[in-house]
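Here is a short briefing on one protein chain. It starts with a single residue and its surroundings, then widens to the fold.

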Amino acid sequence: SEADAPGRDRAGKRIALPAHPVRRPRRVIPVLRLSAFYFAYLAALGAFSPYFPLWLHDRGLSAAAISGVMSLWYGTRIVSPLVWGHLALHSPRPVRWLRIGALAALACFAGFLLPLPLAGIVLAMAGYSFFYNALMPQFDAITLSHLHQRPHDYSRIRAWGSIGFLLTALLLGSLFERIGIAWLPAVMLPMFGLLALCAWLNDYGPGLHAGDVARESLLAGLRRPGVVAFIAAAFLMQVAHGPYYVFFSLFLEDNGYRASALGGFWAIGVAAEIVMFWFAARLLARFGGVRLIRLCLMVAALRFAVTGLLPQSLPMMLLAQLSHAFTFGLFHAACMQRIARLFPGRLLGQGQGLLYGLGSGVGGVAGSLIAGWAWSHGGGLLAFSVAAVAAALGAALAFATMRPGASISPSSE
């Protein structure tokens with residue numbers, strides 16, 4: 001009867017039925033495509049960083065010329081992330097800039113296949129460095145736009161980049177012993193082809209449209225609460241790593257370590273970084289980015305103090321290298337979570353540009369210059385002591401000015 005029909009009482013009147021919640025299908029994060037980009041990008045870097053200066057030397061360049069060419073790498077890290085972040089922010093299809101940058105990096109690097117004079121090498125290096133250094137900040141923004149409310153999961157995807165770096169850095173050494181370093185551009189070119197393919201396979205996630213601001217100037221971004229303190233902490237961490245990236249191998253050699261041990265020390269640091277990336281998500285979910293940034297800066301101060309004071313102690317040096325898991329791996333993952341809090345939605349790419357340009361770029365150049373000055377005046381002891389002081393200043397700044405939970409987006413730490 002009508003009275004017995006669903007949604008009616010015994011008098012036949014309609015009654016409200018309890019609403020059943022609509023289950024939304026869980027969004028699938030394209031982990032494979034995202035991880036493939038990081039793998040290709042950092043595999044190329046693992047070939048470039050250790051071997052490109054050797055290739056320049058093989059081409060007959062002097063030490064001064066090699067230094068000048070390599071300075072373009074660090075110089076463009078200041079400019080290109082900011083430029084690319086601005087272009088992507090004001091584009092209706094921001095992923096186009098990622099693809100343009102990947103193809104441009106491929107085209108510029110192909111120039112090294114030619115018998116270029118020094119001026120040609122400088123031009124090819126300037127173009128390649130500019131476009132290559134523009135890619136990672138934008139792609140980090142793409143990854144975080146997929147993770148959206150779960151930025152702490154970034155580290156497990158990013159770990160594949162470190163794996164790519166480690167594999168190429170280790171495997172290419174034995175290859176070039178057989179075929180010669182002159183083959184470096186030909187060996188690396190397919191890596192940039194793979195990188196361009198991965199750029200075409202990826203796009204932004206739904207987090208791109210989060211937030212209530214679609215555009216703002218770089219100055220307005222710096223005025224956001226907490227941004228200057230965060231960038232300053234990242235800057236000081238990069239300065240602290242200056243002596244490590246520039247002089248660590250020479251420091252080991254001066255203290256009696258064999259050449260075969262140098263690669264082992266670097267490999268230990270990268271391996272520790274990879275392990276930390278796998279566990280960083282749990283640490284970030286439990287403690288939040290700000291607390292871990294403070295911790296990492298304190299660990300960095302201790303690490304570089306130990307490196308400068310106890311270079312003859314193998315156990316302490318190994319322990320210092322294992323702490324790379326904190327001073328790079330966990331710190332980088334925490335910065336990604338923090339930047340996602342401070343710059344939601346479309347602003348994320350611009351936030352990445354500020355972090356990479358001012359924190360990593362300017363910090364890298366300043367760290368290299370300070371390391372060179374300290375090394376010339378007091379050797380490794382002074383250089384790594386200055387690094388420890390820079391990290392300690394960063395920790396003090398983070399405790400004084402960065403507050404857990406303070407963010408622009410609704411998410412909290």
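H332 touches D140, Y154, R158, F277 and Y356, not counting residues up to four places away in sequence; contact means heavy atoms within 4.5 Å. H332 sits in helix 13, residues 324-342. H332 has a relative accessible area of 12%, so this residue is buried. The cut-offs are under 20% relative accessible area for buried, over 50% for exposed, and partly exposed in between, with a 1.4 Å probe and protein chains only.

The model is predicted: local features need pLDDT of at least 70, side-chain atom pairs count only at pLDDT 80 or more, and totals for chains, interfaces and linings use all residues. Residues are numbered from 1 along each chain as its sequence is written, and side-chain values use heavy atoms, with hydrogens and water left out.

**Overall fold**

- The protein chain has 14 helices and zero strands. Helices (H or I, at least four residues) and strands (E, at least two) are DSSP runs, numbered from the N terminus.
- From the N terminus on, the order of elements is α-α-α-α-α-α-α-α-α-α-α-α-α-α.
- The protein chain has 413 residues, and 53% of them count as buried.
- Take the contacts between residues at least 6 apart in sequence: 83% of these join residues at least 24 apart.
- The accessible surface of the protein chain is about 18600 Å², and carbon and sulfur atoms account for 68% of it. Such areas come from the Shrake-Rupley method with a 1.4 Å probe; for residues, only the protein chains shown count as cover.

**Helix 8 against helix 14**

- Helix 8 covers residues 227-240 and helix 14 covers residues 348-401. Their axes come within 2 Å and cross at roughly 160 degrees. Axes are lines fitted to C-alpha atoms, for helices over the stretch in contact, and angles run from 0 to 180 degrees between N-to-C directions.
- That crossing makes helix 8 roughly antiparallel to helix 14. Angles over 145 degrees count as roughly antiparallel, under 35 as roughly parallel, 65 to 115 as roughly perpendicular, and the rest as oblique.
- The residues of this contact divide into 21 nonpolar, eight polar and no charged. Ala, Val, Leu, Ile, Met, Phe, Trp, Tyr, Cys and Pro count as nonpolar, Asp, Glu, Lys and Arg as charged, and the others, Gly among them, as polar.

- T307 belongs to helix 11, residues 289-309. Its relative accessibility is 3%, so T307 counts as buried.
- Beyond its neighbours within four places in sequence, T307 is in contact with F248, F251, M317, A320 and F384.
- Helix 12 spans residues 314-322, and its buried residues are M317, A320 and Q321. They cover an arc of only 100 degrees around the axis, so they lie on the same side of helix 12. The arc is that of the directions from the helix axis to the C-beta atoms.
- P315 and L319 are exposed on the other side of helix 12.

- I29 is in the segment before helix 1. With a relative accessible area of 25%, I29 is partly exposed. I29 and H146 are 117 residues apart along the chain, yet their C-alpha atoms are separated by 6.2 Å. Leaving aside neighbours within four places in sequence, I29 is in contact with L34, H146 and L147.
- R59 lies in the loop between helix 1 (31-58) and helix 2 (63-89). R59 counts as partly exposed at 31% relative accessibility. R59 and A182 are 123 residues apart in sequence and 7.9 Å apart in space, C-alpha to C-alpha. Among the contacts of R59 are F112, L114 and I121.
- L106 is part of helix 3, residues 95-110. Its relative accessible area is 23%, which means partly exposed. L106 and G193 are 87 residues apart in sequence but 6.7 Å apart, C-alpha to C-alpha. L106 touches L189, F192 and G193, with residues up to four places away not counted.
- L222 is in helix 7, residues 218-222. L222 is partly exposed, at 26% relative accessible area. Contacts of L222 include L354 and L358.
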